[in-house]
Structure formats: structure tokens, C-alpha cells
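Here's a quick briefing for anyone meeting this structure for the first time. Have a look at the model, then read on.

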Amino acid sequence: VNKGPKAHQGVIILLRDITEIKKLQNQAQLNDRMKELGEMAAFVAHEIRNPLGGILGYASLLKRDLETNEEHVAKADAIIEGTKRLNRLVGDVLHCAKPVKLNIAQIGLIDLSANLVKLVKVDPHLSKKVNITCQFSQKTLYACCDSELIHAALLNLFLNAYQAMPSGGNLNIDV
């Protein structure tokens with residue numbers, strides 16, 4: 001046992017838990033990688049979308065020129081449908097890659113629905129066998145939402161509804 005003047009000096013040990021700091025650093029790195037991945041996905045999607053438009057255009061022209069040959073028309077239809085599916089996929093990638101900024105405002109749902117129905121009725125792909133009717137129980141009805149997102153959501157619902165009736169039917173829109 002040392003009883004000299006240095007006997008009372010001790011070693012100070014400082015312990016600090018950095019687990020939470022490490023978790024936050026890892027999360028920040030993951031967020032950075034996800035942002036880069038989103039930017040890359042958006043770039044690739046844009047690069048794919050341009051030639052898809054050309055493929056769709058030429059396939060449509062080819063279908064028109066070959067309308068007397070059912071076998072060739074069916075092949076052109078397959079190209080057109082495949083191109084449309086790829087274009088929707090590209091649109092989904094672009095939608096997921098961009099950050100969502102909501103622009104909340106009061107929207108007139110009656111006017112919006114009426115305008116969307118007019119838009120759907122002039123769609124050249126709409127089967128003449130699908131009858132669209134609208135019924136509005138009120139003159140005005142408002143919702144606080146993002147006008148672009150509600151427009152896209154309702155338009156997709158209307159389009160999906162009539163596309164689900166290739167043999168025809170009634171599409172009733174009640175607001």
C-alpha cells in the first residue's frame with residue numbers, strides 16, 4: 001500500500017452511451033442513400049418514358065396501317081398495351097421518387113366530379129357500351145384536400161371503373 005502524496009490521486013473514467021447517436025447517424029446515411037436512389041429512379045424513369053412515347057406512337061400508326069390483317073392488328077395491340085403498362089410503371093416510379101408536398105385547399109367536389117365525368121366521356125378508349133350517369137344530391141359540397149391528388153385519384157377511379165366493363169355497363173357517379 002502506497003501512503004505517499006500520490007496515493008489519493010485516482011483515475012477518472014468517463015462513460016458515455018453513444019448508441020442513440022450511432023442510430024441517428026445510420027438513419028441519416030440511410031436517408032441520404034434513399035434520396036440518391038429516388039433521384040436515380042426519377043432520371044431512369046424519364047429516360048425510359050421518352051422512347052416509350054415513340055414506341056406507342058409508331059405501334060398506333062402500324063395498327064392503323066394494318067387494320068385489314070387481324071393477326072397483325074393483334075400484335076400491334078399487344079405492343080400498345082405493353083407500352084401502356086410500362087408507361088404506368090414509369091409513372092408510379094416517378095410518383096414514388098418525388099417528395100410529396102401537399103397543397104391543401106377547399107375544393108368543390110361537385111364541380112370537380114362533373115368536370116372529370118366530361119373528361120372521361122371524351123376519352124377515345126371509352127367503350128360506347130358504357131353508360132355514365134351523374135347524380136349530385138347537393139348543389140355544393142366541399143372538402144379540404146390537395147386538388148391535384150384528389151383529381152388524380154377520382155380520375156383513376158372513374159377510368160378503372162369503365163375499363164372493368166369491356167362488355168359495357170353502367171357507371172353511376174353519385175356525390
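Let's start with S113, which sits in helix α3, residues 109–121 (helices, H or I of at least four residues, and strands, E of at least two, are DSSP runs numbered from the N terminus). This is a predicted model, where local features need pLDDT of at least 70 and side-chain atom pairs count only at pLDDT 80 or more, while totals for chains, interfaces and linings use all residues. Residues are numbered from 1 along each chain as its sequence is written, and side-chain values use heavy atoms, with hydrogens and water left out.

**S113 and its surroundings**
- S113 counts as buried because its relative accessibility is 5% (buried means under 20% relative accessible area, exposed over 50% and partly exposed in between, with a 1.4 Å probe and protein chains only).
- Leaving out residues up to four places away in sequence, S113 touches F136, L154, F158 and V175 (contact means heavy atoms within 4.5 Å).

**How α3 meets α4**
- The axes of α3 and helix α4 (residues 147–163) come within 10 Å and cross at roughly 45° (axes are lines fitted to C-alpha atoms, for helices over the stretch in contact, and angles run from 0 to 180 degrees between N-to-C directions).
- On the α3 side, L112, S113, L116, V117, L119 and V120 take part, and they meet I150, H151, L154, L155, F158, L159 and Y162 of α4.
- Sorted by class, this contact has 11 nonpolar, 2 polar and no charged residues (Ala, Val, Leu, Ile, Met, Phe, Trp, Tyr, Cys and Pro count as nonpolar, Asp, Glu, Lys and Arg as charged, and the others, Gly among them, as polar).

**The largest nonpolar core**
- This core has 18 residues, and V120, V130, I132, Y162 and L171 touch the most other members (a nonpolar core is a set of buried Ala, Val, Leu, Ile, Met, Phe, Trp, Tyr and Cys residues joined through side-chain atoms within 4.5 Å).
- α3, β2 (130–135), α4 and β4 (169–174) each supply at least two of its residues.
- Setting aside neighbours within four places in sequence, L171 is in contact with V130, N131, I132, T133, F158, A161, Y162 and M165.

**Over in α1**
- G38 is found in helix α1, residues 19–65, and counts as buried at 14% relative accessibility.
- G38 and I173 are 135 residues apart in sequence and 37 Å apart in space, C-alpha to C-alpha.
- N50 also lies in α1, but N50 is exposed, with a relative accessible area of 59%.
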